[in-house]
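I opened my notebook to look up pockets and cores. Here are the entries.

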Amino acid sequence: SIRIIRIGLMSNFEQRLLSEIEFRLERTPVEESDDEVQHDESPTGKCVAPIFDRKLRNFRAMEGVPMTFSCKVVGIPVPKVYWFKDGKQILRKNDHYKKIREGDGTCVLHIEVTNNDDDGNYTVMAANPQGRISCSGHLIIQTGPLRNRMTPMIHSQRVRARIQEVEEGEPTQERFFRPHFLQAPGDMVAHEGRVCRLDCKVSGLPNPELMWLINGRPIYPDVYHRMLVRENCVHSLVIDPLKQDDAGTYTCIASNKAGQSSFGLELRVVEKEMKQAPQFVEKLQNTGIAEGTPVRLECRVLGMPPPVIYWKKDNDTIPHTKARVSIHQDATGYVCLLIQPTRKEDAGWYTVSAKNEAGIVSCTARLDIYAQWHKQVPLPMKKAPRQGSRYAVLTGQGLDIKSAFPTTDNSPILFSSSPVEAQLESEEL
């Protein structure tokens, strides 16, 4: 079977050639990109220059086989992508190449059937209002045996010379290793209001620098986000406390001089149940009441979820089944302890407590019972109906008082009522 072989080393000459191509492309105008990405003339919000999460690689392939260059680029706004071969832009009308753009930033240049003319240097450039960036890959097309195909001698010599040059490329004095994630978290589910920690372990030489993004936007350290690095190359993104808008797609990009690597995950935030510790809106009030009359000890308390109510009298719990006592509570937070009728032993200190998952709160009030004082009010005396004087009774029995005490009209003494009779009458009254 025919295989595509990746080339690991390049000569200094070809390295300088690719660098020159990239330098020129990043500083000269280009034809409009044929992808569907559009940029505003005056972008708003935070912008980030393009970053390669994965760069192009070098390949050596047999003539006639399919060939694919692939890279991954991110940025804000989404970068436009341009493809070049040997410094010349590959336009849409060139149907020899198929360009593919995926939603995660992957960009592909595909050749269905390679030929000798495909040998060369391929460059992809990504651009947005914040800047341009490019990377290149080298493709060598190797022809089949001479007995099967008649290949021009000049091309064969060029291919052999370039293969030898690649294989005999001088090693660099300093060795670099592109980042590689040894450990990375997968998709996660976390609870709102708690601490969320994303840990990963990465290798590379020199030590890679990490950048975290959420939904394509960079995450910078603040009071809610911290980036930690430990000596064992473990990097952590700590979010405390976790909020609903922290949900989304997270991307971690590690980069150093040798290249870049990345991983992604989905973080889903579970909304926490709204909880609020109980709080007294209206507290119990000290009360005094006459014995035998009903009394209500009332308050109003709110909380989420609705709190459970407990009553105590002098630190002893009041059962719901106690005689003469009833406990009431409604959805508005109104709480009442009703005692009817009251007795002297009901006097004391009453405490009401409200408890739910978020906390507990209490308040206390004094109930005093006064004795009933009944005043002894004398009843009014009954007055007997007057039946006439004692002398009138004697007159009725045949004794003539007036004849026994004769008077004249000029006499100052009036017999309508004698002194004796008046005194007797007053005694009767």
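I looked up the second largest pocket of this predicted model. Its volume is about 390 Å³. A pocket here is an open set of points on a 1 Å grid over the protein atoms alone, where a 1.4 Å probe fits, with protein on both sides within 12 Å along at least five of seven lines. Points are joined across faces, edges and corners, and the volume is the space filled by probe spheres set on them.

I then checked the lining (residues with an atom within 4 Å of a point). It has 19 residues, and Val73, Val74, Gly103, Asp104 and Gly105 are the closest to the pocket's centre. Strands E4 (67-76), E18 (248-256) and E19 (259-270) each give two or more residues. E4 has the largest share, 4 residues. Strands are DSSP runs of E, at least two residues, numbered from the N terminus.

Next I looked for nonpolar cores (buried Ala, Val, Leu, Ile, Met, Phe, Trp, Tyr and Cys joined through side-chain atoms within 4.5 Å; buried is under 20% relative accessible area with a 1.4 Å probe, protein chains only). The largest has 22 residues, and Phe69, Trp83, Tyr122, Val124 and Leu139 have the most contacts inside it. E4 gives the most here too, with 4 residues. A second, separate core of 20 residues includes Leu297 and Ile369.

I noted the ground rules last. Residues are numbered from 1 along each chain as its sequence is written, and side-chain values use heavy atoms, without hydrogens and water. Local features need pLDDT of at least 70 and side-chain atom pairs 80 or more, while totals for chains, interfaces and linings use all residues.

Technical notes: Buried means under 20% relative accessible area, exposed over 50%, partly exposed in between (1.4 Å probe, protein chains only).
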